[in-house]
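Morning, everyone. I'd like to walk you through one model today. Have the sequence and the 3D view open as I talk.

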Amino acid sequence: MTTAAIIVAAGRGTRAGGEMPKQWQLLAGKPVVQHTLEAFSGIPCVLVIHPDDREMAEALLPHARIVEGGATRAQSVRNALEALSDQGVTRVLIHDGARPLVSPALIARLMEALESGPAAAPALAVTDALWRGAEGAVTGTQSRDGLWRAQTPQAFHYEAILAAHRAHGADAADDVEVARAAGLPVSIVEGDEDNLKLTWPGDFARAEAILKGRRMEIRLGNGFDVHAFTAGDHVWLCGVKVPHDKALLGHSDADVGMHALTDAIYGALAQGDIGRHFPPSDPQWKGAASHIFLRHAIDLALQMGFRLMNCDVTLICERPKVGPHAGAMQATLATIMGVEGHRVSVKATTSERLGFTGREEGIAAIATATLVQA
Ligand SMILES: Nc1ccn([C@@H]2O[C@H](COP(=O)(O)OP(=O)(O)OP(=O)(O)O)[C@@H](O)[C@H]2O)c(=O)n1
Ligand SMILES: C[C@](O)(CO)[C@H](O)COP(=O)(O)O
């Protein structure tokens, strides 16, 4: 099951004004869409931009996957849905780039709701009285019973919303409207008052105040692992197959670096270690690829409302030489965890021929991981 997020940011932001469209203006020192993308850390994102913004988008967000949008929000969403059509995506979160304060907790509520239905969206019950008015005077009242304020992300089973957009996209205000036109049931999950959509100039000050008031919880975890050498012709290190005149012995693929990193993430969450989640006594994990463990740790972090800020893995061995493979290891770990490459470091050291690593009896790895709660 693969989840992707579509961040629509192709509008012109006419109501917000300013020298550039609202999604590219600075909020607490960073472009609005950068906040939005960071809120989806761990989930691959497609950023939908206006063609006129391409140069700026590529300069500000060089790692973002970009798709050009259309004349309406619905057309922008459709373009991104089509771009994902051959990527094995099964769940999709469709979100306004102009809602930079979406929280991991809200994303987790939506993902949970998708377990029991094809569509879910956040909303807040209307609490103020509602009036009708004309020419500055109240002309009537409107019951607020059963009325909700719709937010994004709106979450869907991918094939269902793609088919709905192909058949009913047109000029819908949001993707719930498209889903309903296609007959999909949409469940409401609890929205978040802070998840405002920057629409008017004054909304920026409100969003900055919310950001300032957020208590940022930062968690640090460490991990350590050792695997002994055995006969063989390669080792797996940080997801990369490295030719060697020995192999590493283990119940899984013995990827000592990935195990240390996985334990660092569990450690930051105070959720034990790999052995607790994937017991070595359980035969189903025999020979298992270690990316399953790492992805589980990242998914657990997301469920608990945390995202990976950075991690650092050190491999301790005389041989094989890690340097030529470090870039590939960094990229592989980043892909598995769904984060940008600059958040991942892989390096190596020898133990000056001392101890078991010095005698080339095995490889040790240490890792640290920093998680941040939005
Ligand atoms: N053709 C469009 C129109 C809107 N959007 C995106 O849809 C979200 C919600 O739209 P809205 O807040 O109305 O943004 P704008 O259309 O840019 O604002 P305005 O109506 O003030 O011009 C925004 O993130 C916006 O960038 C989009 O991707 N493509
Ligand atoms: C999708 C949406 O954010 C739900 O509240 C909203 O409809 C999009 O903004 P717009 O101002 O209606 O374009």
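First, a definition. Helices (H or I, at least four residues) and strands (E, at least two) are DSSP runs, numbered from the N terminus. With that in hand: I366 sits in strand β19, residues 362–373.

Now the ground rules. This is a predicted model: local features need pLDDT of at least 70, side-chain atom pairs count only at pLDDT 80 or more, and totals for chains, interfaces and linings use all residues. Residues are numbered from 1 along each chain as its sequence is written, while chains are lettered from A and ligands numbered from 1 in the order in which they are written.

The overall picture. The chain has 12 helices and 19 strands. Its C-alpha atoms fill a box of roughly 85 × 40 × 35 Å along the principal axes. Of the 374 residues, 41% are buried. Buried means 20 or more other C-beta atoms within 10 Å of the residue's own; exposed means 12 or fewer; partly exposed is in between; C-beta atoms are placed from the backbone. Contacts next: two residues touch if their C-beta atoms, placed from the backbone, lie within 7 Å. Among contacts between residues at least 6 apart in sequence, 70% join residues at least 24 apart.

Back to I366. Is I366 buried or partly exposed? I366 is partly exposed, because 19 other C-beta atoms lie within 10 Å. Beyond its neighbours within four places in sequence, I366 contacts N222, F224, A260 and T314. P185 is 181 residues from I366 along the chain, and their C-alpha atoms are 48 Å apart.

Compare C238. This residue is in the loop between β14 (234–237) and β15 (240–243). C238 counts as buried because it has 29 C-beta neighbours inside 10 Å. Setting aside residues up to four places away, C238 touches D255, G257, M258, V313, M329, T332, L333 and V346. S290 is 52 residues away in sequence, yet 8.8 Å from C238, C-alpha to C-alpha.

Next, the cores. A nonpolar core is a set of buried Ala, Val, Leu, Ile, Met, Phe, Trp, Tyr and Cys residues joined through C-beta atoms within 7 Å. The largest has 52 residues, and I6, I7, L47, V48, V92 and A155 touch the most other members. β1 gives this core its largest share, six residues. Another core lies apart from it, with 46 residues, including A254, A297, L308 and L333. In soluble globular proteins, nonpolar side chains tend to be buried together.

One strand pair to look at. Strands β4 (residues 45–49) and β5 (residues 65–68) pair in the parallel sense over four bridges. Pairing requires that DSSP finds at least two bridges between the strands. I49 has E68 in β5 as its bridge partner. From β4 the chain runs through helix α2 (residues 54–60) to β5, a right-handed β-α-β crossover. Right-handed means that, with the strands pointing away from the viewer, the path from the first strand over the helix to the second runs clockwise.
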